[in-house]
Amino acid sequence: MDMWWKVGLVLVMCSGLTSSEAREEYRDSSPRNAMLRAPVETLDFGFVPSVVYETHAYYEPGPIGILFHMVHAFLYVVQPNPFPKDLIVKMVQQNMGGIKGDDYKKPENVVLLLQGIYYELGFIVLSVLGVIFVLLMPIVGLFFCVCRCCENCGGEMHQRQKKNGDCLRGFYMATLIATSVFLTVGVTVAYAANQNITNQIKSTRRLVSTNIRDLKSFANYTPTQIDYLSAQYTTAKNKVLSDLDNIGTLLGGQIHNQLEREVMPALDNALRVTAAMRETKESLESVTTSLEILQEGTGRLQNSLQSERVSLSNTLNDPACSNGDVTHTCNTIRGTLSQIALSANFHGLPDVEAPLANLDAVLKTDLSNIVQKGYTSFNDTSRMVSEQTREIVSEVKGLLDRSGQEIIGFTRMFPIEPALENFTKFLTDSQKNIEAFYPQIDQLDFYRWIGCVVICCMVVLVLTFNFLGLLCGSCGYDKNATPTTRGCLSNTGGNLLMASVGFSFIFSWVLMGVVVTTFVVGGNIEKLMCEPLANRQIFKIIDTPYMVHPAKKNFLPAMLFQDPNIDLTIGSMYRDCYDNNGLYSALQLETKFNFNRFLNATVYNPELNKIFNSVNVDLQGMVLLEQEGKDNLIDFANTGVGDIDYQAYLTEVNKGVTVVDLLSYANELEAQADQLPRGALENALKGHASSIRQIHKDQVVPMEQAMGTLSQSIKLLQKTSRELPIKVTNVLNAIEAAEYLIANNASNVVKQETDKFIKKIVGYFSQYTEWAKHSLEMEVAQCKPISNIIDSLEIVACSFIVDSVNTFWFGLGGCCLLLIPSIIMSVKLAKFYRRMDTEDVYDDGTENWS
């Protein structure tokens, strides 16, 4: 335990170095609190170098654990009351200065004494019974010996005849055998407990060795962990520097994304108007071309149709048509001659040369190039942001470098490494001093082991005489022999049993004295020390305010920090160390060494906040569409496309090329010719049908195709002419609105996105400070070795020693109690084995000795 206090003081020395007045210079971390954290990329700070401690402060007793549980159950029966925490606290606090004079007669002390007696009632009762046993057994043995020598109390060598003699002998023998067996079990339990202490000496050495190695590992790894903690500021700093180097892309990109919802649709619509200009020109050119083709084709087709009409009319004037059978057919055909004529007249349609010329003049200005300049100007936001924040970025980089140096310098302000080196040297010296006591411990344990074996041998001696007496008596017993004629072997068995009785009287009170002593000491240590240590109730006593010192509220912080008002207890420190948390958290060092406040004050420097708030991005120099482009849009709307007589075009296009479909007309003509008698007229009419088909193929089909193209172009132009004013107006309005947004309202967008960017930067520092806080509390200087020391002390003192001592008196106490029936049964049974001096004689001459 002395070693534990020394270790604790050394650990405290390491933490006590933090009492520097530099803590008072910490600045408030309100800049960080004033900024809302924005979602940021999660940084990877890696893992604090960890140490694997060797000590496993856990003990599994194995088979002997069953005996330990039996002893615990027995002690619970003896002492079922809960741990008297309040009683102990009152006794200590009321008698802090010691009991003087008649203080014990004070009512409060009398009450506490009665409460203590009530708590110890089970131990007191059993101890009194044990003392009575110790006092009476020698006296009873003495009187028994005297009476036997005076041939009283069964001392006469005469056995009376009894009808149930064989049954009594069998009962006595069976009872003595059972008693001897239980005695054997009891002495075996005592010997096993004795041997267990010796066996655990090596485990004790292993625990001492591993605990010291763990403390050395704790001391060796702590500086490395602290250096790693401070070095990881570079991770956050590098990420911040990376974002600052890419501020144009990050901040400018976000500003661009916010503005593009207004800007990009306006520029896209302007670019689509450029495409509409080209489409309109193509449509006008298509109208001009198609109109020329139709006008030229109309003249040729009209001549061809006129010639075919005249030729067909001449054929119908042939005398063959005057024949009565064909007259009707010829007249029918003659009546359709007027259908072979043009339907549409394209010569009267107005041309589109004027709008086309105006459009050519508009297209001389490259509107698409002007719009592309707008795109380029808008996409140049990132470069503008980079140029306008270059000086700010440079200032922030310098400030971050200074903050990193401050953190590293602060962690090296205190001589932690020399203190830990001294601690390691202290551990090495302590281990050598402890190991120097190992031979003496082994020697003392050997003497203890011999003493316990001697005590067990007292019981073994009684058992030896019991078993030898039973063996000799049983083997030498002859039921046909009279009490006076019993054999030597049987008589020897009886004498051995009487010797067992004598040794029982001699040793039983000594054994009971050992049992009572170890029972009172070991049982109370188990109930008042080991059990509360196992369930940590003992910490509640030590941590009771003003318990250790009447003027100091909390004992541990008063010893460590000279500040008894800090809410630090041994129980809380043990729990933190048991969970392998950091020493910073276990000792609540933030009360004296607030590293988190220092980090906040260093990382969230007010100067850094001031620099970030000075970020200002001006986009007023951005031009989306030059005036030339706007004028070009207006000129496009005024090209005269809307003045074209589209209805006249559509009217002529919808008429068709000819009055009648020439193919249908030719097919009908050929069908009528087939109704005529074979001859020249039939052949002539079929020839005309063929000519009409040829005219359709060579002239009408090209004209129909040109009419289709003309119709499509006219409809497209008509649609464009209706939408053009609105479309151009909307484009101009959208451009003006976007330019107004950039010139007047972009500052709000810039401020909003700048705040987000700053919060993102601050978010990286927040991640570092949170990680540093968590690592400092949970991973740096993990104090599991401290709780392992307490657990190891519990294992050695309670599991190795107290449990074994209690098991020893438990087995030995059972033997002491069993010696009483062993004495009685041995005396009774010896009467059946020993050779008597006299015997009973019967008149009828029959004998029945037993």
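What follows is a conversation about a predicted model, taken feature by feature.

Visitor: Why is Asn194 called buried?

Guide: Asn194, which lies in helix H7 (residues 165–231), has a relative accessible area of 1%, and because buried means under 20%, the residue is called buried.

Visitor: Which residues does Asn194 touch, leaving aside those up to four places away in sequence?

Guide: With those set aside, Asn194 touches Arg448, Trp449, Cys452, Val453 and Phe808, where a contact requires heavy atoms within 4.5 Å.

Visitor: Why is Arg536 called partly exposed?

Guide: The relative accessible area of Arg536 is 22%, and since buried means under 20% and exposed means over 50%, the value falls in between and Arg536 is therefore partly exposed. Arg536 sits in the loop between helix H17 (488–534) and helix H18 (537–542).

Visitor: What makes the phi of Arg536 worth a remark?

Guide: Most residues other than glycine have a negative phi. Arg536 is a residue other than glycine, yet its phi is positive, near 65°.

Visitor: Where is Ala781, and is it buried or exposed?

Guide: Ala781 is found in the loop between helix H27 (680–778) and helix H28 (784–833). Its relative accessibility is 9%, and because the cut-off for buried is under 20%, Ala781 counts as buried. Ala781, too, has a positive phi, near 55°.

Visitor: Why is H3 called roughly perpendicular to H17?

Guide: The axes of helix H3 (residues 64–78) and H17 come within 11 Å and cross at roughly 90°. Because angles of 65 to 115 degrees count as roughly perpendicular, H3 is described as roughly perpendicular to H17.

Visitor: Which residues make that contact, and how do they divide by class?

Guide: On the H3 side they are His72, Phe74, Leu75, Tyr76 and Val78, and on the H17 side Phe519, Gly523, Glu526 and Lys527. By class, the contact of H3 with H17 has 5 nonpolar, 2 polar and 2 charged residues, with Gly counted as polar.

Visitor: How do you know that helix H20 is mostly covered?

Guide: Helix H20 (residues 570–578) has 7 buried residues out of 9, namely Ile570, Gly571, Ser572, Met573, Tyr574, Asp576 and Cys577; each has a relative accessible area under 20%, as the word buried requires.

Definitions and conventions:
Residues are numbered from 1 along each chain as its sequence is written. This is a predicted model: local features need pLDDT of at least 70, side-chain atom pairs count only at pLDDT 80 or more; totals for chains, interfaces and linings use all residues. Side-chain values use heavy atoms; hydrogens and water are left out. Buried means under 20% relative accessible area, exposed over 50%, partly exposed in between (1.4 Å probe, protein chains only). Helices (H or I, at least four residues) and strands (E, at least two) are DSSP runs, numbered from the N terminus. Axes are lines fitted to C-alpha atoms, for helices over the stretch in contact, and angles run from 0 to 180 degrees between N-to-C directions. Angles under 35 degrees count as roughly parallel, over 145 as roughly antiparallel, 65 to 115 as roughly perpendicular and the rest as oblique.
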